[in-house]
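Dear colleague,

I am handing over a structure for you to look through, and below it I have written down what was found. Please keep it open while you read.

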Amino acid sequence: GLLLLAAALGATAAARCPAPCVCDNLRAHVLCLNGSLTAIPDTIPELTRKLDLRGNSFMVIPAGAFLATPYLTHLDLRHCKVERLEEGAFRGLGRLVYLNLASNGIALLYQESLDGLFSLQQLILEGNRIEEIQPGAFGHLASLTVLDLRANALVYLPDMIFQGLQVLRWLRLSHNALHVLGTEAFAALPALRRLSLDHNELQALPGEALARLDGATRLDLGHNPITYVAEEALAMASLRHLFLDHASLQDVAPDAFARSPQLRILDLRENQLQGLPPLAGAGGLVRVSLDGNPLLCSCLLRPFHKWLARARVQAEGACAAPPALRGRSLNSLKSPEMRCSRLQPPPSPTALPEQPSSAGSRQCPRGCVCSPDFRHGSCENRDLREIPRDFPEDTRLLDLRRNRFRTVPPNAFPGLKELVSLHLQRCSIRELQPGALQGLESLVYLYLTDNHLSTLEAAAFEGARQLAYLDLDHNAFTRVPAGTFWLLPNLISLHLQHNAIGELVEGDLAGARGLRWLYLAGNAIRHIAPAALAPTKMLEKLQLEGNHLSEVPTAALWGLPALSELKLSRNPIKHMGDGVFLPVASSLQHLYLDNMGLEQISPHAFTGLGPKIRSLYLENNKMSNIPNMNNFTGLEILNLQDVPFHCDCQLLPLHRWINKLNLCVGATCGSPAEAQGLKVKLSTTFQTCPGWGQGEAGKTNPNKTKAASKSSKKKRLGKSPVRGFSKSRA
């Protein structure tokens with residue numbers, strides 16, 4: 001009876017398989033790869049367990065998007081251009097154990113965005129642009145063991161931000177811009193074993209925050225600008241592996257690791273250490289890696305060298321000086337060789353000043369809600385006409401959205417020296433008066449989205465020098481507010497999307513020396529002056545989609561050696577000439593050229609680009625051929641959907657190249673008539689081309705045999721079977 005029921009349900013599922021998808025009913029897998037879907041299909045078989053939607057264009061995951069598929073255990077939404085997860089987006093997926101949202105455009109995690117995922121074990125959010133996580137966002141993920149937040153835009157972690165993750169074992173925060181960690185940021189992670197904080201902007205070891213991790217055994221802190229490890233800086237009872245490689249270390253205190261008694265491996269490679277003192281208290285150490293440091297093997301190093309022998313610690317590293325010992329390994333040295341010199345040891349760095357604490361004695365303003373646990377104040381949607389005062393002095397996050405302030409007066413937030421995140425979205429604000437942010441010396445995030453701002457006075461930002469994220473989307477700017485950025489030396493991310501900016505001129509971004517991400521989508525930009533982006537030498541992401549550019553702004557791209565992502569989608573660029581991306585060819589990894597009406601690409605348009613390119617989007621254009629891309633060997637995503645390729649002999653190189661790729665590219669013939677609608681990969685029009693017999697002819701019959709076999713299976717099963725998510729279909 002159960003078998004008959006399963007068969008009946010399988011037949012029903014087969015009948016309901018969405019047209020752009022492939023369903024494997026035997027394994028309850030559905031794949032809708034690299035398609036043009038803009039909404040989650042509502043006809044996916046109810047019993048589906050694994051759903052792969054990679055490479056579509058959803059933008060928003062609405063509330064209850066997957067209510068029709070309650071049996072899902074695996075959901076893959078990578079590269080789907082998702083920008084927002086509405087509250088309750090995954091409600092009903094109580095069986096889901098794996099959710100992959102990597103490589104999208106998500107900027108903010110709301111409190112209920114992940115509601116209902118109480119069985120989830122792995123959550124992958126790598127490669128988004130998450131700037132802030134609201135308190136309680138992970139509160140429903142009681143089964144989560146791996147949380148991947150790599151390569152986002154996080155600067156600050158507030159206290160208790162990971163509350164609810166009782167069984168989390170690995171937290172991945174690499175490749176963000178973290179430089180502020182709340183002292184209780186990791187307090188709610190009793191099961192954590194591994195923490196990855198490498199490739200961030202931490203200038204000191206966050207010892208107080210890390211002390212909450214009693215069970216962690218591995219800590220990655222490499223590639224941070226940490227210059228000194230102070231006395232008893234690290235108190236982690238179970239820590240065994242510590243990575244502080246590729247930092248800026250110049251000195252380590254003798255008892256820096258005395259409160260981490262289980263430490264076995266200490267990686268200090270590629271720092272600026274001339275030597276180390278004997279590491280008192282680190283009695284369990286087995287290996288210290290010092291390769292790549294400018295070690296001075298004089299008498300000053302003798303105490304450390306003797307300690308290595310006495311404690312039986314293996315040391316990896318070689319002398320950089322004096323010349324007689326250059327290149328000698330530490331293990332090969334003998335004490336008499338380490339002669340005294342006239343050099344004196346550098347003075348020990350002064351201890352970092354203690355941070356003042358505030359008791360937060362003031363009460364919450366009338367009509368507002370203040371949470372002492374999260375240090376969070378909210379007066380959202382109270383129809384207020386003036387900004388309320390007298391919030392507790394230790395407030396870190398202040399939410400004033402959906403009010404009617406119209407103006408932000410001078411000294412609008414007195415006493416809030418610890419405020420990190422300020423939300424002023426949809427407040428009808430037309431003006432920030434000079435001194436509006438005075439006293440907000442810890443402010444990192446400022447959200448002014450959906451207001452009526454058309455100008456900004458630089459003096460409005462006096463006193464807010466730590467500001468890293470400025471969101472001015474959906475306002476009334478007709479040009480970039482020049483002059484503002486001199487007072488914001490730590491600005492990393494600037495959002496000016498969906499305004500009315502018509503051009504970028506020289507001087508617009510003066511002072512924005514540390515800017516990494518610039519978002520200008522949805523404006524009316526027709527021209528970018530050659531020197532307009534010159535001050536932003538650290539720029540990594542430039543998003544210009546949905547503007548009025550008629551050509552690639554090649555001249556403006558010179559001097560941007562770190563640019564890895566360039567979005568030109570939905571600009572009316574019809575022709576693309578030679579070498580248009582040459583200025584950024586050595587760094588560019590993600591290139592968006594979709595939906596432009598592009599008619600012609602020069603054979604040398606992609607000169608300089610090659611193995612570094614990981615994703616290339618060319619869908620929904622009008623060209624009939626594309627340049628040779630044989631050197632694009634690092635591609636992970638290539639989208640050629642809805643391009644009317646002319647499948648004649650000139651396209652044979654593309655046909656051959658696509659056949660070698662293990663990617664789903666979606667390339668389809670638009671002409672000639674006999675090939676229209678066929679996949680470029682499968683079209684037989686190329687068999688009459690000169691040179692076809694050089695490799696392809698021998699493959700023809702086996703392909704036909706495979707096709708016949710697949711056709712036979714399709715007749716028996718109703719759909720083409722799929723062998724899991726690892727199988728790519730071009």
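In this model, F645 stands opposite C669 in strand 45 (strands are DSSP runs of E with at least two residues, helices are runs of H or I with at least four residues, and both are numbered from the N terminus). Strand 44 (residues 644-646) and strand 45 (residues 668-671) run parallel and are joined by 3 bridges, where pairing requires that DSSP finds at least two bridges between two strands. Between them the chain passes through helix 4, in a β-α-β crossover that is right-handed, meaning that, with the strands pointing away from the viewer, the path from the first strand over the helix to the second runs clockwise.

Please note that the model is predicted, so local features need pLDDT of at least 70 and side-chain atom pairs count only at pLDDT 80 or more, while totals for chains, interfaces and linings use all residues. Residues are numbered from 1 along each chain as its sequence is written, and side-chain values use heavy atoms, with hydrogens and water left out.

The largest nonpolar core has 104 residues, and F413, L422, M576 and F581 have the most contacts inside it; such a core is a set of buried Ala, Val, Leu, Ile, Met, Phe, Trp, Tyr and Cys residues joined through side-chain atoms within 4.5 Å, with buried meaning under 20% relative accessible area (1.4 Å probe, protein chains only). Helix 4 (residues 652-660) gives this core its largest share, 4 residues.

L154 lies in the loop between strand 11 (146-148) and strand 12 (156-157), and L154 is buried, with a relative accessible area of 1%.

Best wishes

Note on methods:
Buried < 20%, exposed > 50% of the residue type's maximum accessible area, 1.4 Å probe, protein only.
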